Amino acid sequence: MAKRIRFGSLFLLILSLSAASVAIGERGVSLLNGYDKSIFKSSFHRVFDTSKYGILQLENGLARTPQMGWNSWNFFACEIDERLIKETADALISSGLAELGYVYVNIDDCWSARKRDSRGQLVPDPKSFPSGIKALADYVHSKGLKLGIYSDAGTYTCQVRPGSLYHEKDDAQLFASWGVDYLKYDNCFNEGIKPIERYPPMRDALNETGRSIFYSLCEWGVDDPALWAGKVGNSWRTTDDINDTWASMTTLADINDKWAAYAGPGGWNDPDMLEVGNGGMTYQEYRAHFSIWALMKAPLLIGCDVRNMTEETLEILSNEEVIAVNQDPFGVQGRKVKVLGKDGCLEVWAGPLSGSRLAVVLWNRCSVASTITTDWNALGLKPDTSVSVRDLWQHKEVTGAAVASFGAKVDPHDCKMFVFTPAAVLRAEM
């Protein structure tokens with residue numbers, strides 16, 4: 001929620017790590033070690049580089065896969081209250097979305113009063129949240145869900161509520177006492193202090209509470225957080241705010257792609273929340289949006305009114321096969337591997353999955369329907385490798401033995417998403 005006004009129990013970081021362990025951590029570690037060399041070329045490690053992923057991620061036991069849930073900002077902005085949050089929790093349950101993994105119910109900006117109380121504590125807005133955040137957290141927890149809250153690494157939030165800069169310990173303890181499970185930490189009114197200096201104090205304060213709280217950094221990619229935030233938070237925004245347009249969504253996908261090598265279990269690149277269902281894009285564009293976010297191992301945080309979703313919106317958000325790509329335990333961010341066409345608007349995105357499989361997205365960013373073909377070289381596959389191809393939106397196998405290349409016709413601003421399973425893997429499973 002960057003620059004709107006213009007006009008997460010980590011008990012303690014593991015301090016007892018040996019010097020040797022620290023040295024290994026700072027070199028980073030490839031998540032691809034052990035991938036089947038009989039299927040993949042030596043270039044596979046280059047195509048899907050994970051060498052920048054450090055084993056010294058923020059080890060609070062959270063974010064082993066990207067977070068899933070809902071956030072209030074994209075649709076409601078400041079028009080929020082405790083009834084909305086309760087109804088949203090209820091809707092996540094009744095729609096079946098919670099069962100699919102959407103468990104965080106995250107309150108964004110505008111939940112607090114305009115000023116701290118006489119003791120210097122944050123206070124929920126008495127009109128919008130008269131029962132308080134603790135009672136709301138209890139309600140959300142009673143549904144088997146988790147409650148998230150928002151603050152800012154500045155003197156004020158982006159909507160000019162009190163920020164947590166210089167109040168990190170008090171605010172972290174307060175959030176923990178309320179039963180908060182997630183903190184989104186924004187970047188407004190930051191007094192010109194570098195993010196790398198302002199964000200660690202809240203990490204330390206959250207650690208000291210003894211409660212597991214997911215820590216989501218939202219510094220808009222200003223100081224390239226992928227380079228340093230793995231030891232600070234569970235996810236970090238790599239981009240400015242998304243808005244509900246094709247141009248915004250595609251731009252943010254490209255920016256986030258730059259940092260693919262740095263993400264993995266414990267810490268994820270975050271190109272901002274989902275706009276699916278908010279009305280600014282077509283069904284095809286929203287399907288592409290959800291597919292690419294899932295492939296990139298981005299957080300899947302719904303940004304629409306889940307109480308009033310269309311069938312098309314629910315269809316997209318509840319695609320279990322696409323969600324499985326995002327939540328795959330292998331934890332390697334998919335990325336753009338090939339660009340085609342005269343205008344460079346035909347793209348192949350791909351990422352490794354557990355079991356020596358690959359997720360592949362053929363994305364047509366052009367204005368006319370086109371056939372997009374990927375050869376095995378772009379995917380790091382040996383040319384004689386035979387794969388079965390399953391379409392994740394049609395929910396069916398489209399071919400059992402593709403060799404050397406595969407292509408499909410894709411409508412404009414749409415995508416097709418597949419899982420490639422090598423025949424050798426299928427034989428081993430029989």
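Tyr102 touches Met68, Gly69, Leu92, Leu97, Leu145, Phe290, Leu300, Ile302, Leu317 and Ile323, leaving aside residues up to four places away in sequence; contact here means heavy atoms within 4.5 Å. The model is predicted: local features need pLDDT of at least 70, side-chain atom pairs count only at pLDDT 80 or more, and totals for chains, interfaces and linings use all residues. Residues are numbered from 1 along each chain as its sequence is written, and side-chain values use heavy atoms, with hydrogens and water left out.

**Nonpolar cores**

- A nonpolar core is a set of buried Ala, Val, Leu, Ile, Met, Phe, Trp, Tyr and Cys residues joined through side-chain atoms within 4.5 Å.
- The largest such core has 101 residues, and those with the most contacts inside it are Tyr102, Trp111, Phe290, Trp293 and Trp363.
- Helix α10 (residues 283-295) gives this core its largest share, eight residues.
- Domain 1 (43-53 + 334-427) and domain 2 (68-327) each supply at least three residues to this core; the domain bounds come from an automatic or database domain assignment.
- Leu346, Leu358, Leu381 and Ala408 are among the 32 residues of a second, separate core.

**Secondary structure and burial**

- The protein has 14 helices and 16 strands, taken as DSSP runs numbered from the N terminus (helices H or I, at least four residues; strands E, at least two).
- Of the 430 residues, 59% are buried, meaning under 20% relative accessible area (1.4 Å probe, protein chains only).

**Overall dimensions**

- The C-alpha atoms fill a box of roughly 70 × 55 × 40 Å along the principal axes.

Terms used: Buried means under 20% relative accessible area, exposed over 50%, partly exposed in between (1.4 Å probe, protein chains only).
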